[in-house]
Amino acid sequence: SCTEQLVSMGLPALILGNRPEFGYVKSKEYKTLEDLIQVLRGRQNGEGAFGLWAANAHVVDLVSVYAMHFLVEARERGRSVPADIISNGNNYLRSLSGQDGGGLAEERTRAYAIYLLTRQGIVTTNFAAGVQKRLEANHAKTYTQDIASAYLAASYQLMKQQALAEQLIGGVVFGAPITAPDAYFDVLSRDAQLLYLTARHFPERLPKLKPEALDGMVKEIAGGSYNTHSSGRSILAFDAYAVVAEKLPPGTLAVSEVLRNNTVRPLAMPPGLIPRAGFSVDTAKLQFSNQSDL
């Protein structure tokens, strides 16, 4: 598997492993997430980037940044990630962040790298300002709706520059036309990244989302319009959304079993967004009710 596929396989095991309501999640290719991390370590070259197939110069910058995102997520979630792989990877992110992008897709990747550095508490003010200046100069008509603006907005939010962050995130909407597409950038992966960043750094905006925003993502998945990359992105996004939902007041979902003799008995519902409950073999019907908007 290429590095992108490895990371995309690792994300569901990393994230869904902490959500028992989905059942046991097991990686088929590697025994543990730690094994996968070691494979990534073996593909890290001298510059700190991750080769697409081995530790060499055959590097796709977006895939390398994506790999770093996985490692940062893994460390934040308590997984054992060697310090040197993070340190070397951050050196690569710094180098990439300081380079001019050749086009909108390249600037998007630099904004993504800046976001990961900022998230780790590394000062990125000059990097962010540089990317924003180039976007305004070279992509004035398109960058405000590009996910690059969302990554810059999240970085500014982390740097406590809320006014600038709100200005940038406000122009990025779900379902917008794709600008500067590449092999790893389609409608689903774009909207998944926007949902992830919104849920993590602008959760107050979630109640204002129109149902069509999530419906669009669900339709892409239901129609089979997904790949390894957009699948990993979507799982990240839905988990971030679920974390916000779990902080809301308890829901009022209730289920009762109606027996064949018309006796109605409430079922005990365990906590969690996707509760499981058994019902009697004598049940003729199930009744669902919900008094909240969730």
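## Salt bridges across the chain

Buried means under 20% relative accessible area, exposed means over 50%, and partly exposed covers what lies in between. With 41% relative accessible area, Glu-246 is therefore partly exposed, while Arg-19, at 9%, counts as buried. Keep in mind as you look around that this is a predicted model.

The side chains of Arg-19 and Glu-246 form a salt bridge, at 2.9 Å from N to O. Arg-19 sits in the loop between helix H1 (3–16) and helix H2 (33–43), and Glu-246 in the loop between helix H11 (228–245) and E1, so their pairing ties together parts 227 residues apart in sequence. Both residues also belong to a salt-bridge network that includes Glu-73, Arg-77 and Asp-239.

Within that network, Glu-73 and Arg-77 meet in a salt bridge of 3.1 Å, N to O. Glu-73 is buried, at 1% relative accessible area, whereas Arg-77 is partly exposed at 28%. In the whole structure, a search finds 16 salt bridges.

## A three-stranded sheet

Now for the strands: an open sheet of 3 strands runs in the order E2-E1-E3, with antiparallel pairing. Strands E2 (264–266) and E3 stand at the edges with a single partner each, so one side of each has no neighbour in the sheet. From one strand to the next, the twist averages 25°.

E1 (residues 254–259) and E3 are joined by 6 bridges, and Ala-254 stands opposite Ser-289 in E3.

## A nonpolar patch

Strand E3 (residues 283–289) also holds Phe-288, which is exposed at 59% relative accessible area. Together with Leu-253, Phe-279 and Leu-286, Phe-288 makes a nonpolar surface patch of about 420 Å².

Methods:
Residues are numbered from 1 along each chain as its sequence is written. This is a predicted model: local features need pLDDT of at least 70, side-chain atom pairs count only at pLDDT 80 or more; totals for chains, interfaces and linings use all residues. Side-chain values use heavy atoms; hydrogens and water are left out. Patches are made of residues with over 30% relative accessible area and no salt bridge: like charges are joined within 9 Å, nonpolar side chains (Val, Leu, Ile, Met, Phe, Trp, Tyr) within 5 Å. Accessible areas come from the Shrake-Rupley method with a 1.4 Å probe; for residues, only the protein chains shown count as cover. A salt bridge is a side-chain nitrogen of Lys or Arg within 4 Å of a carboxyl oxygen of Asp or Glu. Helices (H or I, at least four residues) and strands (E, at least two) are DSSP runs, numbered from the N terminus. Buried means under 20% relative accessible area, exposed over 50%, partly exposed in between (1.4 Å probe, protein chains only). Two strands pair if DSSP finds at least two bridges between them. Axes are lines fitted to C-alpha atoms, for helices over the stretch in contact, and angles run from 0 to 180 degrees between N-to-C directions.
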